[in-house]
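Let's take a friendly walk through a protein model. Keep the sequence and the 3D view side by side as you read.

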Amino acid sequence: MTELQKQLASGLDPNTIPRPSLTKKAKVLYDYDAVDKNELSLLADEVITVYSASGLDSDWMIGERGSQRGKVPLTYLELLN
């Protein structure tokens, strides 16, 4: 876990984080423009797949839209399931 934290802090590509079998759907509440290459830009009202990653700050999740993956702020999401 400590190694993953170091990798995330150093700008690890979220695409290298294994996708867990338990994922959730989330509705995006507000538009969000990614600040760096490890984040995923969001559009209000879209539905994306999200999951937590070990070592990731609790205010963030990994989000997926099609083949795109990146960190997304939890405060911009309404978890659906």
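Helices (H or I, at least four residues) and strands (E, at least two) are DSSP runs, numbered from the N terminus. The place of Asp-45, for instance, is in the loop between strand 1 and strand 2. This is a predicted model, in which local features need pLDDT of at least 70 and side-chain atom pairs count only at pLDDT 80 or more, while totals for chains, interfaces and linings use all residues. Residues are numbered from 1 along each chain as its sequence is written, and side-chain values use heavy atoms, with hydrogens and water left out.

## The overall plan

The protein chain contains one helix and five strands. Followed along the sequence, these elements give the pattern α-β-β-β-β-β. Of the 81 residues in the protein chain, 35% are buried; here buried means under 20% relative accessible area, exposed means over 50%, and partly exposed lies in between (1.4 Å probe, protein chains only). The accessible surface of the protein chain is about 5,100 Å², and 50% of it belongs to carbon and sulfur atoms. Such areas come from the Shrake-Rupley method with a 1.4 Å probe, and for residues only the protein chains shown count as cover.

Contact means heavy atoms within 4.5 Å. Among contacts in the protein chain between residues at least 6 apart in sequence, 54% join residues at least 24 apart.

## The sheet

In what order do the five strands form the open sheet? The order is 4-3-2-1-5, with antiparallel pairing. Two strands count as paired if DSSP finds at least two bridges between them. At the edges are strand 4 (68–73) and strand 5 (77–79), each of which pairs on one side only. From one strand to the next, the twist averages 40 degrees; the axes behind such angles are lines fitted to C-alpha atoms, and the angles run from 0 to 180 degrees between N-to-C directions.

Strand 1 (residues 24–28) and strand 2 (residues 47–51) run antiparallel and are joined by four bridges. Look at Lys-24, whose bridge partner in strand 2 is Val-50. Strand 3 (residues 60–65) pairs with strand 4 in the antiparallel sense over six bridges, and here Ile-62 has Lys-71 as its bridge partner in strand 4. The hairpin of strand 3 and strand 4 has two residues between the strands, and Gly-66 takes a positive phi near 60 degrees in this hairpin. Strand 4 is mostly covered, with five of its six residues buried.

## The nonpolar cores

A nonpolar core is a set of buried Ala, Val, Leu, Ile, Met, Phe, Trp, Tyr and Cys residues joined through side-chain atoms within 4.5 Å. The largest one here has ten residues: Ala-26, Val-28, Tyr-32, Leu-40, Leu-42, Ile-48, Val-50, Met-61, Val-72 and Leu-77. Strand 1 and strand 2 are the elements that give two or more residues to this core. Apart from it lies another core, of five residues, including Ile-17, Tyr-51, Ala-53 and Ile-62.

## A few residues up close

In the loop between strand 1 and strand 2, is Glu-46 buried or exposed? Glu-46 is buried, because its relative accessible area is 16%. Leaving out residues up to four places away in sequence, Glu-46 touches Ala-26, Lys-27, Val-28, Ser-41 and Arg-65.

Asp-45 lies in that loop too, but it counts as exposed because its relative accessibility is 55%. Its phi is near 80 degrees, a positive value in a residue other than glycine. Most residues other than glycine have a negative phi.

Leu-79, found in strand 5, counts as partly exposed at 38% relative accessibility. Setting aside neighbours within four places in sequence, Leu-79 is in contact with Lys-24, Lys-25, Ala-26, Val-50 and Met-61.

Arg-69 belongs to strand 4. The table lists two polar contacts of its side chain. A polar contact is a pair of N or O atoms within 3.5 Å; within protein, one must be able to donate a hydrogen and the other to accept it, and residues adjacent in sequence count only if both atoms are side-chain atoms.

| Side chains joined | Polar contact |
|---|---|
| Arg-69 and Tyr-51 | 3.3 Å |
| Arg-69 and Glu-64 | 3.2 Å |
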